Amino acid sequence: MMWTVFRRLLLYPHLLWIALEDSRERKIPDALLRSLLCQEGALLLLESIFQEDSGVLLEAVKGLLAGGGAAFLLYLVTRGGIGAGDVKLLMTAGLCLGSRKIIEAQILAMFLACPACMYLFFTKRCREKQSIPLAPFFLAGILLADCLWEIRVLTG
C-alpha cells in the first residue's frame, strides 16, 4: 500500500504537467514521458524487490500492453484521431496503473471527452478535422478510475 501511495504522489504531478503541455502546445513532450517511464519503472522494480513479489511487475507489463495496445489500435483505426503522444502516455500510464485500471481510465476519459467535443463542435469553436488535446481527459479519467478503485477496495 505504501508503495502505491508513493508512486501516485509522483505520478499525478507528472500527469498534470503533461496535460498542461498538451493543452497549450497540442503536443506531449517525449522528455516528460521518458522521465515518468524511468521513475515509475524504477519504483516498480524496487517494490517488487523489497516486497519479493514479481506479480507487481507482471501487472505493470499487462497494464503497459493494455493501455498502449488499446490506444495504438485507436491510432491505427482513426488515422490520426488520437496522436502518438497519447498512445505513449496511455502506455506509460498503463505501466503505472495496471491493466484493469488503465482500461477503466480510458473508458472514463472518452466519456468525459465526448460531451466536451460535442459542445466545441456545436458552438463552432472547433471544426470537424481540428484536434483537441486528450491528455487532460486522460488525466481526469485516471484520477476518477483511481478514486473509484479505492472506493471499491475500501467498501469491500
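The model discussed here is predicted.

Q: Why are H1 and H4 called roughly antiparallel to each other?
A: The axes of helix H1 (residues 2-25) and helix H4 (residues 84-97) cross at roughly 170°. Roughly antiparallel requires an angle over 145 degrees, and H1 and H4 are therefore roughly antiparallel to each other. Their axes come within 12 Å.

Q: What makes the contact of H1 with H4?
A: Contact requires heavy atoms within 4.5 Å. On the H1 side the contact is made by Arg7, Arg8, Leu11, Leu15, Ile18 and Asp22. On the H4 side it is made by Asp86, Leu89, Cys96 and Leu97. By class, these residues divide into six nonpolar, no polar and four charged.

Q: Why is the pair of Glu40 and Arg7 called a salt bridge?
A: The rule asks for a side-chain nitrogen of Lys or Arg within 4 Å of a carboxyl oxygen of Asp or Glu. In the pair of Glu40 and Arg7 the closest N and O atoms are 3.3 Å apart, so the pair counts as a salt bridge. By this rule the count comes to eight salt bridges.

Q: Why does the pair of Glu40 and Arg7 tie together parts that are apart in sequence?
A: Glu40 belongs to helix H2 and Arg7 to helix H1, so the pair links parts that are 33 residues apart in sequence.

Q: What makes up the lining of the largest pocket?
A: A lining residue has an atom within 4 Å of a pocket point, and 30 residues line the largest pocket. The closest to its centre are Gly81, Ile82, Ser131, Ile132 and Leu134. By class, the lining has 15 nonpolar, seven polar and eight charged residues. H5 gives the most, with seven residues. The volume of this pocket is about 680 Å³.

Q: Which residues are closest to the centre of the second largest pocket?
A: Thr4, Arg7, Arg8, Leu97 and Lys101 are the closest, of 18 residues that line this pocket. Among them, Arg7, Arg8 and Leu97 also take part in the contact of H1 with H4.

Conventions
Residues numbered from 1 in each chain as written. Predicted model: local features only at pLDDT ≥ 70, side-chain atom pairs only at ≥ 80, totals over all residues. Heavy atoms only, no water. Axes fitted to C-alpha atoms, helices over the stretch in contact; angles between N-to-C directions. Helix = DSSP H or I, 4+ residues; strand = E, 2+ residues; numbered from the N terminus. Parallel < 35°, antiparallel > 145°, perpendicular 65-115°, else oblique. Nonpolar A, V, L, I, M, F, W, Y, C, P; charged D, E, K, R; others polar. 1 Å grid on protein atoms, 1.4 Å probe; cavity = no way out; pocket = protein on both sides within 12 Å on 5 of 7 lines; lining within 4 Å. Points joined across faces, edges and corners; volume = space filled by probe spheres on them.
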